[in-house]
Amino acid sequence: MNKLKIILTILTIAIMVVPIAIELAIYKDTLIGLIIPPELTNMMNSGGGHNSNGNSVTNDNYPDFINPDFEMPQQVGEPTYDPATKTVSFTFNITDPVEKPVTVDTFSAGIVSHDDGVFLGNLTISKPITLLPGQTADITALGILSDDAINYLKIHAENQIPINIDLTNLNVDVGGITIQLDSQNIGDITVPPGIFG
Amino acid sequence: VIDVQAKEINWFALVGGTLILVVLVISIYFPWWQLIIGENLATVNASPVNTNFGMLGVPFTIPLIWALNIVGTLIFLTSGIAMLVYSVTPTKSYSKELLSFSYKKPLLAVIGFVVSLLIITYVAGSLGFGVPIMGSTSINLPSNLIMGVSVSASISGSFQLAFLLAIVAAALCITARIYDGRRKFGKESFAASSESNQS
């Protein structure tokens, strides 16, 4: 075996072994770190964010991949009602929750009174919405109301009784990922007394 | 000083060796294989030289894979250089060793890469996450994993141009080895027939 062959054989072995040996030495105390990088661990851990008042939150509310400027969606103004189309519209201000552009292609859900089980209508967005990192956008959701729903809402509006709302058959298509939920309670809403004229 | 004569050059090796180094540089920036989940919400960019992941805009690498990428980088670098040196000095005494050292490595890298992909996708499939090596499909995350929420995502995998270039480089290196063997065999046959004619 000549010298060059020996040198090339040693070189091949060194190339195969040395980088892996160095990594093993670096991670000798935490071998799991060889497979699960710190970025992924941090992503799954909780981090910071802002609450709806704009105050910094450093508790367990948000994982690290959530944009630190993220705020929970906030209703903008009061719902409006168009009697001609029996359509009620809600506008929410929402921040891109992650550090990249996200497109909400579809959003649809049924609206049901949690306490009485009255079906109030369907909620959709009229067009896809693109959220850019760190930016906020207004999302207007439209709900077409049935006659029963209008009567139900009128009674609650006149008496200023909050309605506890469930969203049912929730379908959201965000950035090519479809999220489906049988039912999600979104809490109380108060119907403005003058909304139905 | 290397005395290079055009008729002595193994052109397959010269082009193959150059292409190995081109593939090395390209692979730093462009993956051999790419997996995209949703609309770029999660990505996997894989090659023996540079493999990285992205999730919701956050890029990351896996240290073990990073070490293997260093191995891949050094293999491509050394075999490319060795193939180039061999290509212009195929008649030197050390040329055989250089060729033996370099000609198989690109092919082994390509095969190793494809086999790794097959194993990973098989393991993912057996865990219930069908990952397409080529083409698109939809994966559903079990709803019991995420508090009753059903999540499905489009997922597409595809080989990229750098992978095809690596196959061409590997093929050229193998061709260079075959050409070298035939040329030496031809010279030996010619020498043997000359000797028999003289006797």
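Searching the whole structure turns up one salt bridge over all chains, a salt bridge being a side-chain nitrogen of Lys or Arg within 4 Å of a carboxyl oxygen of Asp or Glu. It joins the side chains of Asp147(A) and Lys86(A), at 2.6 Å from N to O. Asp147(A) sits in helix α3 (residues 147-158) of chain A and Lys86(A) in the loop between β4 (80-82) and β5 (87-95) of chain A, so the pair ties together parts 61 residues apart in sequence. Helices (H or I, at least four residues) and strands (E, at least two) are DSSP runs, numbered from the N terminus.

A word on the ground rules: this is a predicted model, where local features need pLDDT of at least 70 and side-chain atom pairs count only at pLDDT 80 or more, while totals for chains, interfaces and linings use all residues. Residues are numbered from 1 along each chain as its sequence is written, chains are lettered from A and ligands numbered from 1 in the order in which they are written, and side-chain values use heavy atoms, leaving out hydrogens and water.

Let us turn to where the chains meet. The contact (heavy atoms within 4.5 Å) takes 34 residues from chain B and 35 residues from chain A. About 2,900 Å² is buried between them, with carbon and sulfur atoms giving 73%; buried area is the accessible area (1.4 Å probe) that two parts lose on being put together, summed over both. On the chain B side, Leu56(B), Pro63(B) and Glu97(B) lose the most area to chain A, together 19% of what that side buries. Between chain B and chain A the count of salt bridges is zero.
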